[in-house]
Amino acid sequence: MRIAIAQMDLAWCDEARNLEKVEKLMAQSADADLLVFPEMFTTGFCMDAAQYSVKMDGATIAYLKSLCARYDLAIYGSLMVEEEGHYYNRGLFICPDGKVYPYDKRHLFSPGTEGNTYTAGKERVVVPYKGWNFCLQICYDLRFPVFVRNVENEYDVILYVANWAESRISSWERLLPARAVENMAYVCGVNRVGSDIYGLQGGSSVLLDPLGNALINCGKEEGLFISEDLSKDRLTRLREKFPVYKDADHFSLD
């Protein structure tokens, strides 16, 4: 499994400009199996969902599906989606065959009044793809470890997509390795760079191994970063050698 990180500077609420950049990045990711974009990668972290949201059967997602088919590449990132009168910050894992796995952000960012616009999701989503299982998460979800707890090794990789401010980037840099270690899983955290109406965005996108070691560290610059092959066998051996999951607490979520 090869994962590519698209650490983007997003044009504010300009879908056409952002999608033009998306296509270029996908064209450059031929060696990857999965390309991960930031949160709300066609608009930036916008609360004007009434004007800029898309529909699941609309032109934007149809175009993304066509790109995945053209480049034989899966993607993950989030968009503003309208459905049955509600708006969602919805993660979309789109496969080359057109299959779409949606994940609605569970933890809405109350300091940014995200919950005034968007409806929170309820379900955790794990996606099977090319023999790997991916747990889909979005930004503020990173601060809530119970929701992502890897019970019985249900997944192999956690994908976090974000618009995480530079002023709080130290938390991003601490929490991502913690999620890798405590869940014995690879972690890919993709944040945007540049600035928006909220200020400077922090970048620092990473791909971490199950021990919290950085396989990719993107720093603060815009760019495309592609991993070497991730080893499922190594992950299995680590879990067999140090089977902490067998001692984990069991619980249910409300």
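A residue is called buried when its relative accessible area is under 20%, exposed when that area is over 50%, and partly exposed in between. By that scale Tyr198, with a relative accessible area of 46%, is partly exposed. Please keep in mind that this is a predicted model.

**Aromatic pairs**

Let's stay with Tyr198 and its surroundings. The structure holds 12 aromatic pairs. In one of them, the rings of Trp12 and Tyr198 have centres 6.3 Å apart and planes at 75°, so this pair is edge-to-face. Trp12 sits in the loop between β1 (3–7) and α1 (15–27), while Tyr198 sits in the loop between β10 (195–196) and β11 (199–200), so the pair ties together parts that are 186 residues apart in sequence. Another pair is Tyr129 and Phe134, with ring centres 6.5 Å apart and planes at 50°, so this one is tilted.

| Residue | Relative accessible area | Class |
|---|---|---|
| Trp12 | 33% | partly exposed |
| Tyr198 | 46% | partly exposed |
| Tyr129 | 7% | buried |
| Phe134 | 0% | buried |

Tyr129 and Phe134 also belong to one aromatic cluster, together with Tyr76, Phe93 and Tyr101.

**The six-stranded sheet**

Next comes an open sheet of 6 strands in the order β5-β4-β3-β2-β1-β14, with mixed pairing. At its edges stand β5 (100–104) and β14 (223–226), each with a single partner strand, so one side of each is left without a neighbour in the sheet. Neighbouring strands are turned by 30° against each other on average, direction ignored. The partner of β5 is worth a look: β4 (residues 86–94) runs antiparallel to β5 and is joined to it by 5 bridges. Within this pairing, Gly91 has Tyr103 as its bridge partner in β5. Helix α3 (residues 59–71) lies across β3 (74–83), β4 and β5, and runs at about 170° to β3.

**Helix α4**

Finally, helix α4 covers residues 169–183; at 1.5 Å a residue, its 15 residues should span 21 Å, and the end C-alpha atoms are 22 Å apart, which agrees. Which residues of α4 are buried? They are Ile169, Trp172, Leu175, Leu176, Arg179, Ala180 and Asn183. Seen down the axis of α4, these buried residues fall within an arc of 135°, so they line one face of the helix. Their cover includes β8 (157–162), β9 (186–191), β12 (206–208) and α5 (232–241). Just after α4, Met184 takes a positive phi of about 45°.

Terms used:
Residues are numbered from 1 along each chain as its sequence is written. This is a predicted model: local features need pLDDT of at least 70, side-chain atom pairs count only at pLDDT 80 or more; totals for chains, interfaces and linings use all residues. Side-chain values use heavy atoms; hydrogens and water are left out. Helices (H or I, at least four residues) and strands (E, at least two) are DSSP runs, numbered from the N terminus. The expected span of a helix is 1.5 Å times one less than its number of residues. Buried means under 20% relative accessible area, exposed over 50%, partly exposed in between (1.4 Å probe, protein chains only). The arc is that of the directions from the helix axis to the C-beta atoms. Contact means heavy atoms within 4.5 Å. Two strands pair if DSSP finds at least two bridges between them. Axes are lines fitted to C-alpha atoms, for helices over the stretch in contact, and angles run from 0 to 180 degrees between N-to-C directions. Rings of Phe, Tyr and Trp (its six-membered ring) pair if their centres lie within 6.5 Å; planes under 30 degrees apart count as stacked, over 60 as edge-to-face and the rest as tilted.
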